[in-house]
Amino acid sequence: MIIAKFNTLRIRQFKSLAFLCSKNVKDSSELPKNILEDFHSASNQPENGVIYDKKPFKIKLIPNKTYNWCLCGHSKNQPMCDGTHKNPYVQIKLKPVRFKVTEEKDYWLCNCKQTANRPFCDGTHKREDIQAKK
């Protein structure tokens, strides 16, 4: 009985989160673009980092400033890189994604580290396999 109530509550929370996330992420035609993508190879790394969080991070960014987005998922300064990947004892091969934006506004940065539009959230965190990860 208690387990059934707990499961029902978890399903409601998941549906609420999915609804909120769907409101926060625009369709792919409106996704922002990293204007440095063609100049820095870190955007094209074939692997993804570990899932840091299952929802995006909203942040105000300013144009012409260079940012470093954490791809490995180990930074203590998420969603930005703090250099943790450089620690030789952790042996992380992933590098941060350097990016700039064209206008000052709020952006949604990916925290699941699985986006196809690095560093911006494309809604990938809503996939069942990502939501199921602990």
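The side chains of K55 and D53 form a salt bridge, 3.1 Å from N to O. A salt bridge here is a side-chain nitrogen of Lys or Arg within 4 Å of a carboxyl oxygen of Asp or Glu. K55 is partly exposed, at 38% relative accessible area. D53 is partly exposed too, at 24%. (Buried is under 20% relative accessible area, exposed over 50%, partly exposed in between, with a 1.4 Å probe and protein chains only.)

This is a predicted model: local features need pLDDT of at least 70, side-chain atom pairs count only at pLDDT 80 or more, and totals for chains, interfaces and linings use all residues. Residues are numbered from 1 along each chain as its sequence is written, and side-chain values use heavy atoms, leaving out hydrogens and water.

The count of salt bridges is five. One of them joins R127 to D129, with the closest N and O atoms 2.9 Å apart. Opposite charges can pair when their charged atoms come close.

Now the fold. The order from the N terminus is α-β-β-β-β-α. Helices (H or I, at least four residues) and strands (E, at least two) are DSSP runs, numbered from the N terminus.

The largest nonpolar core has 19 residues. Such a core is a set of buried Ala, Val, Leu, Ile, Met, Phe, Trp, Tyr and Cys residues joined through side-chain atoms within 4.5 Å. Strands 1 (57–61), 2 (67–69), 3 (97–99) and 4 (105–109) each supply at least two residues of this core. L109 is among the residues with the most contacts inside the core. Leaving aside residues up to four places away in sequence, L109 touches residues including L61, W69, M80, F99 and F120; contact means heavy atoms within 4.5 Å.
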